[in-house]
Structures are given as C-alpha cells and as structure tokens.
Amino acid sequence: MRDRLDELGPDTEVVLVTFTTDDRAERYADAHRLPFPVLVDESRSVYRAYGLGRGSMARVWGVRAARRYVEILRRDGLAGLRRPTEDTLQLGGDFVVAPDGTIAYGFWGAGPDDRPTVDELIDAVGRTRS
Amino acid sequence: MAEHGRPAVGMPAPEIVLPDLHGRTWELGDHLGRTVVVVFHRHIH
C-alpha cells in the first residue's frame with residue numbers, strides 16, 4: 001500500500017490503526033517509513049466498533065504460522081524467535097470510507113495473512129468516485 | 001449493524017477518535033468529503 005499511494009488518486013487518505021503502545025508504533029512507523037498517520041487504539045474500542053475481534057488459536061497459530069517459525073528457526077536458530085508481547089489473536093481488517101462517511105468496502109481478516117490485495121483496495125477507492 | 005457486530009457496507013462508518021504519534025487527535029468526522037482507507041493492523045512483532 002505504502003508504495004502505491006499515488007494510485008489511490010486525489011482526495012484520498014490512508015490511516016493505519018494499531019493497538020500497540022506509542023513507543024512501539026513509533027518505531028514501526030519509522031522502520032517502515034510510513035507516510036500516513038498511525039493512530040493508537042490501545043483499548044481496541046475502535047477495533048470492536050468495526051467488528052474486529054480475536055481469532056481462534058487454531059486459525060491464528062495454524063500450519064502457516066508453524067511453517068514460518070520453522071523457517072525462522074532454520075535461518076536464525078533460537079535467537080530469531082521473539083516472545084510476542086501483544087495479543088497475537090487480535091484480527092486486522094481494511095475499510096474504505098466514502099466521502100459521505102459511509103462504509104464503501106470492508107474486509108474482516110480471518111487470520112494472520114488474510115488481507116485484501118492492494119488492487120482490491122484501489123478498486124474500492126475508485127468506486128467511491130463513480 | 002450486520003452479522004457478528006460488524007458495521008454493514010453502506011452504513012455510516014463508526015467514528016474514529018484516536019491520538020496519532022504526534023499527540024494530535026485524529027477524527028474520521030473531520031475528513032468527510034474525502035475517501036479514507038482505514039487499515040487495522042494486527043500485532044507488531
């Protein structure tokens with residue numbers, strides 16, 4: 001998304017909402033050079049308002065996650081593993097809010113890697129202008 | 001509201017009033033007239 005912001009067209013904004021602490025969010029935003037606002041929702045009240053709950057252990061810590069950890073172990077050994085400090089079951093999502101304040105598009109992630117493609121989001125943004 | 005407490009497409013978006021990393025308050029309602037993409041992140045490793 002960061003690399004394709006210009007494809008969203010004029011009069012479009014992007015914000016990222018996270019439930020991590022300010023410090024961690026700032027480090028993340030700096031590391032990834034995010035060019036859009038990062039909003040902090042530690043209480044997750046906005047996550048709940050948008051219907052974003054917690055996933056099941058089986059879904060979040062499933063085969064794909066296990067494969068990823070095996071890859072890390074092979075590459076970096078135990079030193080590569082970091083203990084999660086946040087709620088790893090919290091699910092993410094993506095929304096497009098039209099200029100009239102209504103939801104034009106909503107995607108509720110069902111697992112860690114379940115996100116819409118950037119093309120889907122760009123299409124959804126385009127439809128708010130048609 | 002649609003199923004599972006999800007806001008339905010076509011309905012007003014729930015308000016967002018949250019601090020940004022510069023200590024300013026960001027409100028969705030201030031951005032009417034523009035399209036806003038809201039990305040909810042999962043946890044940060």
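1. A residue is called buried under 20% relative accessible area, exposed over 50% and partly exposed in between, with a 1.4 Å probe and protein chains only. By that rule A:Asp22, at 39% relative accessibility, counts as partly exposed, and A:Asp22 lies in helix α1 (residues 22-31) of chain A. Helices (H or I, at least four residues) and strands (E, at least two) are DSSP runs, numbered from the N terminus.

2. This is a predicted model, in which local features need pLDDT of at least 70 and side-chain atom pairs count only at pLDDT 80 or more, while totals for chains, interfaces and linings use all residues. Residues are numbered from 1 along each chain as its sequence is written, chains are lettered from A and ligands numbered from 1 in the order in which they are written, and side-chain values use heavy atoms, with hydrogens and water left out.

3. Chain A has 5 helices and 4 strands, which follow the pattern β-α-β-α-α-α-β-β-α along the sequence, and buried residues make up 44% of its 130 residues. Chain B has 0 helices and 3 strands, and buried residues make up 47% of its 45 residues.

4. Strand β3 (residues 93-97) of chain A runs antiparallel to β4(A), the two being joined by 5 bridges; strands are taken to pair if DSSP finds at least two bridges between them. A:Phe95 stands opposite A:Gly106 in β4(A), and the two strands form a hairpin with 5 residues between them, where A:Gly101 in the turn has a positive phi of about 90°. Strand β4 (residues 103-108) of chain A is largely enclosed by the rest of the structure, because 5 of its 6 residues are buried.

5. A search of the whole structure finds 9 salt bridges over all chains, a salt bridge being a side-chain nitrogen of Lys or Arg within 4 Å of a carboxyl oxygen of Asp or Glu. One of them joins A:Arg4 and A:Asp119 (2.7 Å, N to O), linking the segment before β1 (12-18) of chain A to helix α5 (residues 118-127) of chain A across 115 residues. A:Arg4, A:Glu7 and A:Asp119 are linked in a network of salt bridges.

6. What is the partner of A:Arg115 in a salt bridge? The partner is A:Asp94, with the closest N and O atoms 3.0 Å apart. A:Arg115 lies in the loop between β4 and α5 of chain A and A:Asp94 in strand β3 of chain A, so the pair ties together parts 21 residues apart in sequence. A:Asp94 is buried, with a relative accessible area of 3%, whereas A:Arg115 counts as partly exposed at 30% relative accessibility.
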